[in-house]
Amino acid sequence: MAMTLQGSVLTNGNTATNFVPLKLEPNNKDSPEVFLNEASNGFGDCEKNGLNNGEIIEEVKETPSDEPVIDITINNVVCSFSVKSHLNLKQIAQNGYNVEYRREKWGKIHSQSQMVTMRLRKPYTTASIWSSGKVTCTGATSEDEAKQAARRITRSVSKLGYPKLRLVNYRVVNVLGTCTMPFAIKITPFSAKHRDIASYEPELHPGVTYRLKEPKATLKIFSTGSITVTAPCVGNVQSAIEHIYPLVFEFRKERSPEDIRTMQATKRSRGFKRKCSSDFGFEADEECITIDDGEEEEAEDFDSDQSHD
Amino acid sequence: MASNRGDGSGIRICCSAHPDAALIEDYRAGDQICSECGLVVGDRVIDVGSEWRTFSNEKANADPSRVGGSENALLNGTDLSTMIGPGTGSASFDEHGVAKYQNRRTMSSSDRALVNAFKEISNMADRINLPRTIVDRANNLFKQVHDGKNLKGRSNDAIASACLYISCRQEGVPRTFKEICAVSKISKKEIGRCFKLILKALETSVDIITTADFMSRFCSNLGLPTMVQRAASHIARKAVELDIVPGRSPISVAAAAIYMASQASDEKSKKTQKEIGDIAGVADVTIRQSYKLMYPRAAELFPEDFRFTTPIEQLPQL
């Protein structure tokens, strides 16, 4: 099947009419900095990709017959930076209003009073602050938001008694993106064909783990057609999806109407779950960070009390 | 007549008429005989055989012509040290009843981990009755991993369990992770991690598991007749071919197929989901989920020559 990739258009999320978007985007409306960026810069290279500001990236693949549009949603951007000053965690924990110091939860690290977590309401992120001054910030939904969150955290820590704090060594460590193909995927023959790069262990994980060297990314491909991509920068996520599309297209399977109905039902219930958690506060932290489109096998993980992988 | 060939590398005896002929050694008489003409050239060759006779019908624990145990040379390197055994008889204990020679010198400290791991693998395999070939293969894998040294930080027991899992897979008789967990004290998560690391370190890959690999084991553990087992295998294979159960682990599909086949048979082979779940290591709700997917097309899944004691319409519909 001949497919020409016409490059990508980064928009702020006009979704195709014949395609249901992957998840609700609550922060879509209130972000002021979304603009069109027509250039397709440096697919495999994070440093060249300076300006990826859209929360939803759309890929337009033009085929002779029709134009399937695939929404890539960025769920999580993890960044780390340093405030370049040794911090007194006890004082921050006592005086900061949004700071948590839970001793047992993270095991050894917390009990040695080395790390404190600070949560921001907007952008909704969580930062782990170490006494050396290094900070890891997770939960942002775009690179831009992550930078904004980093600045806010530095500001709020400096207000707690460190007048001259600087943000140094900011770098994005990890970007998690998800997308859904308009077709289901036959993962068993797919994994058989790509034995050297793909790893499929149904007992351990219901998806195929596909590791790309160039662009550097890890993709998890599920039989429903959902694909999760973890990469060091947003451009890599995009190019990884473009790379994998023809490979996956070969093993497509058409969805029956019943499958579509069950998929929409689970999407609605998952969207409701996320809205509830943001209303009730910060309890559902884990859900927000890793919304993995784990498929029916997620139900299986709850069913079978011993499989925790 | 014998003649010597001095060619600088030592003196060799050979037959004068046939200097290049090989000499056949006759131990009983102590002769060396030319193979061409039969001339006896050597004499009084010292017999290096054993000094005593061993009768095969004597059940001796130790073969007297051997000293020490059999050498596990492939896996241990040269291990010629001697261990001093625990004393027998009264002379080995001094006046307080404490044994003299307490210090059984630890041999080959560098391979201590290897020996321990081999013992562990052997114990685990023994619990689930694995044949010697699988154990040997697992030992080989462990040795390779140990020499590679990139999994050095991991617990040896975890590596051993993962090696056992891989060797079962490679021999074509895979065991589920849960079955290996049952005989090992390592968690399934850790075994899974070590498994992936080992595959990367040894740069091998394994075949994907299929439902057929587990049918015979599960069915015989449940005591099902061969007819039911064959039907279950057919059902599972058909279900995967028609892709009725996308994304389901082959173990769950196999368990659901066994359930369907056993429910369609006579009363004493009907098994509950719980029993099947116990044997297969899957939760009974998991079997229910897969069964629900397979039930609508049950008619296509059963083999043609299956005798239905309980017809398809009366199959339970959970």
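Me: Contact here means heavy atoms within 4.5 Å. In this predicted model, which residues is Thr176(B) in contact with, leaving aside its neighbours within four places in sequence?
Reply: Thr176(B) sits in the loop between α4 and α5 of chain B. Its relative accessible area is 2%, under the 20% cut-off, so the residue is buried. Leaving aside neighbours within four places in sequence, the residues in contact with Thr176(B) are Glu203(A), Tyr165(B), Phe214(B) and Ile251(B).

Me: What area is buried between chain B and chain A?
Reply: The size of an interface is often given as the accessible area lost when the parts come together. Here the contact takes 28 residues from chain B and 21 residues from chain A. In chain B, Lys188(B), Ile208(B) and Gly247(B) lose the most area to chain A, together 24% of what that side buries. Carbon and sulfur atoms give 49% of the total, which is about 2,100 Å².

Me: Which helix gives the largest share of the side of chain B that touches chain A?
Reply: Helices α4, α5, α6, α9 and α11 of chain B each supply at least two residues of that side. By class, the side has 11 nonpolar, eight polar and nine charged residues. The largest share is five residues, and the helix that supplies them is α6(B).

Me: At what N to O distance do the side chains of Lys253(A) and Asp243(B) meet?
Reply: Between chain B and chain A there are six residue pairs in polar contact, both residues at pLDDT 80 or more. The rule for salt bridges finds three across this interface. Lys253(A) and Asp243(B) meet in a salt bridge, with an N to O distance of 3.0 Å.

Me: Is Asp243(B) buried, partly exposed or exposed?
Reply: Asp243(B) is placed in the loop between α8 and α9 of chain B. Its phi is positive, near 55°, in a residue other than glycine. The relative accessibility is 25%, between the cut-offs of 20% and 50%, so Asp243(B) counts as partly exposed.

Me: Is Lys84(A) buried or exposed?
Reply: Most residues other than glycine have a negative phi. Lys84(A), not a glycine, has a positive phi of about 60°, and it lies in the loop between β3 and α1 of chain A. With a relative accessible area of 54%, over the 50% cut-off, Lys84(A) is therefore exposed.

Me: How many residues of strand β6 of chain A are buried?
Reply: β6(A) pairs with β5(A) in the antiparallel sense over six bridges, where Arg119(A) stands opposite Thr126(A). Four bridges join β6(A) to β7(A), also antiparallel, and Ala127(A) has Cys137(A) as its bridge partner there. β6(A) is mostly covered: of its six residues, the number buried is five.

Me: Which residue in the turn between β6(A) and β7(A) has a positive phi?
Reply: β5(A) and β6(A) form a hairpin with four residues between them. β6(A) and β7(A) form a hairpin with three residues between them. In the turn of the β6(A) and β7(A) hairpin, the residue with a positive phi, about 105°, is Gly133(A).

Me: What is omega of the cis peptide bond that joins Glu214(A) and Pro215(A)?
Reply: Most peptide bonds are trans. A cis bond joins Lys122(A) and Pro123(A), with omega about 0°, and Pro123(A) is in the loop between β5 and β6 of chain A. Pro215(A) is in the loop between β11 and β12 of chain A. For the cis bond from Glu214(A) to Pro215(A), omega is about 5°.

Terms used: Residues numbered from 1 in each chain as written. Chains lettered and ligands numbered in written order. Predicted model: local features only at pLDDT ≥ 70, side-chain atom pairs only at ≥ 80, totals over all residues. Heavy atoms only, no water. Buried area = accessible area lost by both parts, 1.4 Å probe. Salt bridge = Lys/Arg side-chain N within 4 Å of Asp/Glu carboxyl O. Polar contact = N/O pair within 3.5 Å; in protein donor to acceptor, adjacent residues only side chain to side chain. Nonpolar A, V, L, I, M, F, W, Y, C, P; charged D, E, K, R; others polar. Buried < 20%, exposed > 50% of the residue type's maximum accessible area, 1.4 Å probe, protein only. Pairing = 2+ DSSP bridges.
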